[in-house]
Amino acid sequence: MYDQIDQKDLSFVGHDVPRIDAIEKLTGEAAYVSDMILPGMLHAAVKRSPHARARIVRIDTSKAMALPGVRSIVIGDELDYRIGLYVVDKYILAREEVRHYGEAVAAVAADTLIIAKEAVRLIEVEYEPLPAVLAPLDAINIDDPAKPGKAPLVHPKLGEYDHVRNAFTPQPGTNVANYTKFRKGDIDKGFAEADWIVERQYTNPSVQHVPMETHVAIVQWQAGDRITIWTSAQSPYAVRNLFCHSFKIPHKNVRVIIPYIGGGFGGKAGIGIEPLVACLSRKAGGRPVKLQATREEEFSLLPCRSALTYRIKTGVRKDGKIVAQKMTMYWDSGAYADYAVNVTRASGYSCTGPYEIPNAWVDAYTIYTNKPYGTAYRGFGHVEFSWGLERQMDLAARTIGMDPLEFRRLNTLKPGSVTLTGERITEHTGNVTKCIEEAARGIHYGKLTKEEAARQKKTGWKIGKSVAGLQKAPAMPPFTGTAIFLKMNEDGTATANVSLTDMGQGTYTSLAQMLAERLRMPVENIKIAFECDTDRDPYDWQTVASKGLLIAGNAAILAADDLLANAYDMAGQILRALPCDLDHDGKGVFVRHNHEKKISFAEMAAGYAYPDGNGIGGPLVGVGRYIAQGLTNLDKATGQGNPALDWTYGAHGLVAEINEETGEYNILKVCSVFDVGKAINPAEVRGQAVGGMIQGLGTACCEGYIYDAEGRLLNPSFTDNKIFTAMDLPEVIESAVVETAQLDGPFGARGVGEHSMIGVCAALGNAILQVTGAELTHMPIRFEDVWRALQTKQSPDAWIVKSPVKHL
Amino acid sequence: MLCEFDYLEPTTLADVLEILGQGDAGVRILAGGTDLLVNIRAGLITPKALVNIKKTAGLDTFAFHPDRGLEIGPAVTINQLITNTEIARRYPLLEQCAEMLASYQLRNRATVIGNIVNASPSADMAPALLCYRAKLTLTSKRGSRKVGIAEFFTGVKKTVLAADEIVEKITIPASEADGKGGYAKLKRIKGHDLGIVGVALHKKQDYIRIAVSASAPTPILAPDFQAKDSPDYIAEQVLAAIKPIDDIRSSREYRRFMASVFVKRLLEEVRA
Amino acid sequence: MKITLTVNDQVYTRECAPSKNLLHFLREDIGLTGTKEGCGAGECGACTVIMDGKAVNACLVLAAEANGAQIRTVEGEAKDGILSPLQQKFMEHHAVQCGFCTPGMLMSLRELLERNAKPGEHEIKQAIEGNFCRCTGYQQIIEAVLDLTGQLEHKGELRHV
């Protein structure tokens, strides 16, 4: 929904409006679920598996139950409920077998957390350790993943599990939770046409989201199966829907309340600990029970980002045009499919990047292993594959002797280009070429500035520069929708109810700006109710995928328009004018050709009352409903279809200095550019641009799960799983936007919450490569990895499988 | 969330020694608490009682005496050390190591002696104290004894400190003052992190002393070098003294390589 | 054991288990939940409070140790419902996203500003090195402090290109 309005005519949209939730967060008054204490509330703790895979021989809870203050204990045998977003494969507590290190096998609710933890210690679990399946490539029949392999099955009953059939294809009898494929053009013809072919394998580990507030839920299961869930989750309706499916309870009986959320990043996208806490409450006679994950539990009780192993084979013509690309992705789902199957699908249809590749072939597998399971994570697969794809772009460019920036520019998607799934790009889709060029300009690509040259001379550390492109569309059902209720208050201020959540990304402030723009009243007069409540707020699918601004933004505009239509109706009667002759300002409605004739929103808010007491109109409200338009499921055989609500493009330019002797490096500058369509709140866009970029650099430099040979996680805390601190910032950070209006975006806007994280890892790898020749194929890039790569200094020849010159 | 324990706050050293002298291994001294409370939370230690010595008279000694040298009591925090400009000037290595230790908030609580008593191989204060040949005064009801810092550590998280003893003070000889030096620490991030390997170098008129953290079960002091020794020789000797391991933070090989690089970097700095 | 401490100029006397840390004491016994727990192990700084003038991780201080101490928490930062200048600058510069690290971040910076009225960029970074923020990337936080202390040369901006 885009009307071309010049920025100078916009009063609130496009301005750095302060966050509407700033005051309560700055004073410490914002109450998160972790701050809540309910009358009679019990505290829960979880018994977890020390094994990656083991048969549960016996669980003895008698000593724990005898501990004074223990009110309920649950074990897997008594909870015959399976949960799953797309493949329903997970019990609330492990039954018969544990499938990953850290998996919950029993839980306790007690009067205090100390008692609960002591009770957990007293629960005796006898395990029979079983051989664990740890490496995804060992878990399948690599020659034909559809056929059984040699590895034990993580889910022998995969064939019995319910799953979302129009999107996913599990392979029963194997460890493949989903197989997705994409076919465009003629791959053999493409490779035949190529003068050069390069092929290389890349890997990324699992990564933890690290929201500052760990997962926490309070659940009260009252008589008559009336259940209230307070949870630090991203998506109230998803929690309710999945909960009700598992327990076969009417949706009306379950109320999900989400107050302020201390960060999510995808880790709180679906359902987590809520069902377990609910069972503890039910067994404790309906007392509310609170479970808050410890930081250590965040790493292995709760899900992480999936690891990825992938091969890319790229065919390039001498003139620099990519003519074919084959990509095989092995996503390590861990023990459960959760979002990983959809990460597989979404990364599959995006994995040609912001480039046009006429002949493309993608096989993407989601593979079960005995490790903590993967879920949504900011970037939803794109951070992972963009590492290899953008490294591969540099490899291909170097192979044919072309500058990597020029090579990218030549191959970008442009109006008329066709994507991997057959979507035709238009001039309104966004301009990735411009993003790449501006990122290059921002870092003075291709040369050293005077200061940089002096610095390089002084330190001896080589300064490298690179630019990586990126793109992402929301991964969501084609029919994703939302609704907003807008209510005029008796004083002429307005309150909106939404169940899209604001976990810090700032969407609520943007929604308030759009409502303000439409209602023509100051943002201060508009409230977006911060606590989401499924009993009160209208439906929203999930707060994920960077789609909230577009979909909810449109709904907000429609809600404002609906409220205004109702106001004009009422005002027309009061002012004895036709609605077509009415106009409004921030205070009320007036007759366009006679401004003296006016009626305020305040006077109409509860319905208008004439001096004699007669009333008309009824309370002034508006409803906005919006659903994604024109999207389709993907053809299962070819992957063709239209999955993308919008494509947000971007690029990172990165400058790094590297010590060629030791592998140490410093990041000097990052310049990030995104085509956001319209920056509704530039300061907030910048917050997303910088925050995501830094999170991306964490992934690039230091984060990642490390397991021992038995599948035990060796770094489940901040001691050995570092995240970036203020000391780790690049010396200079610049953020910029291109604004190619999205025609179905509110005020032309599209989402940018995840994009800043994508591509920056590869930009670092490529900058290091550029000046040192260190070829890195694994994230994160530790100094030691650079040092090792410098020892071997592999020539790109190692990955060339076809060449027009005889050097092989 | 911690286990249950008692809390004691003795006001005199005699009271501290009396409590420790009862020979109960479950009684632990609480100084900064930045290691102890973390270990209790992790279930690695389940003490019966903690003895807070921060309010005990005399244990906050922190002064330089021209004859005895610098004396540091067990209540002295890392940040107290950093903010004392006179001492930082006399003993630059102390300040440099201190600044690399943990984060600002932690340095406000963590104590110099606590860092040593915790006896982590990566203890950041150890290299400075080793280079300065600090002496520890270990005191119990039975009396006091002095132990050189190099003899204090016996293994990973192990020292010669007996259950009834407290490190009453650390003494750094006055003769070690006014040297040049530096501390190079390899970390995974630029923010607060445990060291992958750390090298401290202390240079006086006629000798160079080098200590290394995170490269053996204990922090290591290399044999003294002469000011004229070549960087290659010194690096070789340092590498002969350390025994790094492979772990999730680094390989043994890279630790050795970086130790050698740091030795040469620091030598270059002090000779510049 | 019985302890008495002053929090944001209010005196509190409470019975307290010796094993309880200051963080849980503030949150559970006094009801000041502005101070957050992010790790419980002194790594993340979400629980930073000012104790006798020094920023500390409240998760690594026993409540018993704070007996007699002066404590300041985020709840003491605004006065009479008016944000402090530091809070104002946080708001202006969008230095808040999810808000969970914000209370600890503010306390670290409050203590910094008391010992150094004009901290440079490096000193600001050092002061909050122990405060993890997963949302903002720290940049806008640093700019807020530079602006507060009159050192921000140009306002951080999102360039339109």
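## Helix 10 and helix 11 of chain B

A crossing is left-handed if the near helix is turned anticlockwise from the far one by less than a right angle, and right-handed if clockwise. In this predicted model, helix 10 of chain B passes helix 11 of chain B in a right-handed crossing. Helix 10 of chain B covers residues 231-241, and helix 11 of chain B covers residues 252-271. They pack at an angle of about 140°. Their axes are 9 Å apart. Helix 10 of chain B is therefore oblique to helix 11 of chain B, because only angles over 145 degrees count as roughly antiparallel.

On the side of helix 10 of chain B, the contact is formed by P231(B), I234(B), A235(B), V238(B) and L239(B). Helix 11 of chain B answers with R256(B), A259(B), S260(B), V263(B), K264(B) and L267(B). By class, this contact of helix 10 with helix 11 of chain B holds eight nonpolar residues, one polar residue and two charged residues.

## Chain A overall

Chain A contains 19 helices and 34 strands. Its C-alpha trace spans about 95 × 70 × 55 Å along the principal axes. The radius of gyration of chain A is 28 Å. A compact globule of 808 residues would have a value near 28 Å, so the two agree.

## Helix 17 and helix 18 of chain A

Helix 17 of chain A (residues 682-701) packs with helix 18 of chain A (residues 760-772) at an angle of about 55°. The axes lie 8 Å apart. This angle makes helix 17 of chain A oblique to helix 18 of chain A. The crossing of the two helices is right-handed.

Helix 17 of chain A contributes M693(A), G696(A), L697(A), T699(A) and A700(A) to the contact. Helix 18 of chain A contributes V760(A), C761(A) and L764(A). Sorted by class, the contact of helix 17 with helix 18 of chain A has six nonpolar residues, two polar residues and no charged residues.

## Where chain A touches chain C

The contact draws 55 residues from chain A and 44 residues from chain C. On the side of chain A, helix 1 (22-26), helix 17 and strand 33 (732-738) each supply at least two residues. Which element gives the most to this side of chain A? Helix 17 of chain A does, with 11 residues. By class, the side of chain A that touches chain C has 31 nonpolar, 14 polar and 10 charged residues.

Three bridges join strand 33 of chain A to strand 6 of chain C (residues 158-160). These two strands run parallel. S735(A) stands opposite L158(C) in strand 6 of chain C.

## A sheet with strands from two chains

Strands of a sheet pair through backbone hydrogen bonds, either parallel or antiparallel. Here an open sheet of five strands runs in the order 20(A)-31(A)-32(A)-33(A)-6(C), and its pairing is mixed.

V467(A) has G653(A) in strand 31 of chain A as its bridge partner.

Key:
Residues numbered from 1 in each chain as written. Chains lettered and ligands numbered in written order. Predicted model: local features only at pLDDT ≥ 70, side-chain atom pairs only at ≥ 80, totals over all residues. Axes fitted to C-alpha atoms, helices over the stretch in contact; angles between N-to-C directions. Helix = DSSP H or I, 4+ residues; strand = E, 2+ residues; numbered from the N terminus. Parallel < 35°, antiparallel > 145°, perpendicular 65-115°, else oblique. Contact = placed C-beta atoms within 7 Å. Nonpolar A, V, L, I, M, F, W, Y, C, P; charged D, E, K, R; others polar. Pairing = 2+ DSSP bridges. Rg over C-alpha atoms; globule rule 2.2 N^0.38 Å.
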